[in-house]
Amino acid sequence: MFSVPQPDGVLSDSDVKDLAENVICQLPLPGIERRALDPGDIWAVMVLAAVNQTSIWETCKDNDNAACDDTVMGWLHTLNREWLERVANRFLRELAMTILDLDWLRIVSIDFVDNPYHGMYADEEGELCRMHAKDGTTTCHRYCTAYLVSNGKPVTLAMTYVRSDEKEADAVERVLDRVEAYPFEIELLLADRGFYNERVLRRSREIAATVVPVQKKGKRMRKKLDTHCSYMTTYRMYEGRERELEFPLAVAVSYHAGDRGKSGEVVRGHVACDLADRTPKQVERLYRKRSA
């Protein structure tokens, strides 16, 4: 396993390259062992494609020593996705435990990552998700990830593949379960408004204080945000239903002040679980740590 002299130290570009090769290229490919093509040759192509943010076809075309793209894609198709995800998360955990000081309180963020995809699904229709138009397509492979920021750089703690035929909350809960298993203490969980979901909020606040921007939908929420003064209040999601969830709501009022050519008031609401003792401005500043 790769070692770093100082916890929370900085990895150089060369360190990252060596780390990726040393870890990923050791990953076996079930079903193709003792075959003509070595797994290390496949992973080398994958690492290069990922680093350059390009396709397998482009990588194989531009490198004379690489196997042909049909061979790489065909053999990758033998992988069991669930198995690969378990192994990947084990590696992520081992690496995080190596490079982080486990005595620190940590701020963890969760996010969806969309990889634009051109073409039809390879196995099942559920493997592709819909997204806003990007790079000339509206389909993508989606992942849910959890990360923290160390020395201004994100360190990924856990990930999972998101299918279009499952509820996104299912994927988020899988990631949060893996995050909760880490031995360091989590001080705060942060997520964008895409995670404004009753199930996600219930699960995240079991782990740590949570900040999530609210979605400005519904008469009751719009009424809460119709203000010129910052204030703390409470809000009931699905009020009167079996799923009802009450949480502290931080409503912060600020001003564009010419930012990006805009002016006037800006009213933002944030879920502030276990942060009712904070001011709305403090909650808003905590949320900004997500993109530190």
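User: Which share of the chain's contacts between residues at least 6 apart in sequence join residues at least 24 apart?
Analyst: That share is 56%. Contact here means heavy atoms within 4.5 Å.

User: Okay, and where does the model come from?
Analyst: It's a predicted model, where local features need pLDDT of at least 70 and side-chain atom pairs count only at pLDDT 80 or more, while totals for chains, interfaces and linings use all residues. Residues are numbered from 1 along each chain as its sequence is written, and side-chain values use heavy atoms, with hydrogens and water left out.

User: What's the average pLDDT of the chain?
Analyst: The average is 87, and 89% of the residues score at least 70. pLDDT is the predictor's confidence in each residue, from 0 to 100.

User: Where is confidence lowest, and where is it highest?
Analyst: Helix α1 (residues 13-24) is lowest, with a mean of 71, and strand β6 (residues 209-213) is highest, at 97.

User: How much of the chain is buried?
Analyst: Of its 292 residues, 41% count as buried. The cut-offs are under 20% relative accessible area for buried, over 50% for exposed, and partly exposed in between (1.4 Å probe, protein chains only).

User: Let's pick a residue. Is Ser109 buried or exposed?
Analyst: Ser109 counts as buried because its relative accessibility is 3%. You'll find Ser109 in strand β1 (residues 106-116).

User: What does Ser109 touch?
Analyst: Leaving out residues up to four places away in sequence, Ser109 touches Thr145, Ala146, Tyr147, Leu190 and Arg290.

User: What about Lys289, which residues does that one touch?
Analyst: Lys289 touches Ile107 and Leu190, again not counting residues up to four places away in sequence. Lys289 and Leu190 are 99 residues apart in sequence, yet 8.3 Å apart in space, C-alpha to C-alpha. Lys289 sits in the segment after α9 and is partly exposed, with a relative accessible area of 41%.

User: New topic: how many cavities of 30 Å³ or more does the structure hold?
Analyst: It holds 1. The space in the largest cavity is about 40 Å³. On a 1 Å grid over the protein atoms alone, a cavity is a set of points where a 1.4 Å probe fits but cannot get out, and lining residues have an atom within 4 Å of a point. Grid points are joined across faces, edges and corners, and the volume is the space filled by probe spheres set on the points.

User: Which residues line the largest cavity?
Analyst: The lining is Ile110, Leu176, Leu189, Leu190, Ala191, Val200, Ser204, Thr210 and Val212. The elements giving two or more residues to it are β5 (186-191), α7 (198-207) and β6. β5 gives the most, with 3 residues.

User: What classes do those lining residues fall into?
Analyst: There are 7 nonpolar, 2 polar and no charged residues. Ala, Val, Leu, Ile, Met, Phe, Trp, Tyr, Cys and Pro count as nonpolar, Asp, Glu, Lys and Arg as charged, and the others, Gly among them, as polar.

User: Now backbone angles. What's phi of Asp135?
Analyst: Phi of Asp135 is near 55°, a positive value in a residue other than glycine. Most residues other than glycine have a negative phi. Asp135 lies in the loop between β2 (129-134) and β3 (137-150), and counts as exposed at 56% relative accessibility.

User: And what's phi of Asp274?
Analyst: Near 65°, also a positive value in a residue other than glycine. Asp274 is in the loop between β9 (265-273) and α9 (280-288), and Asp274 is exposed, with a relative accessible area of 58%.

User: Last one: where is Ala133?
Analyst: Ala133 is in strand β2. Ala133 counts as exposed because its relative accessibility is 68%. Ala133 and Pro116 are 17 residues apart in sequence and 9.0 Å apart in space, C-alpha to C-alpha.

How values were computed:
Helix = DSSP H or I, 4+ residues; strand = E, 2+ residues; numbered from the N terminus. 1 Å grid on protein atoms, 1.4 Å probe; cavity = no way out; pocket = protein on both sides within 12 Å on 5 of 7 lines; lining within 4 Å.
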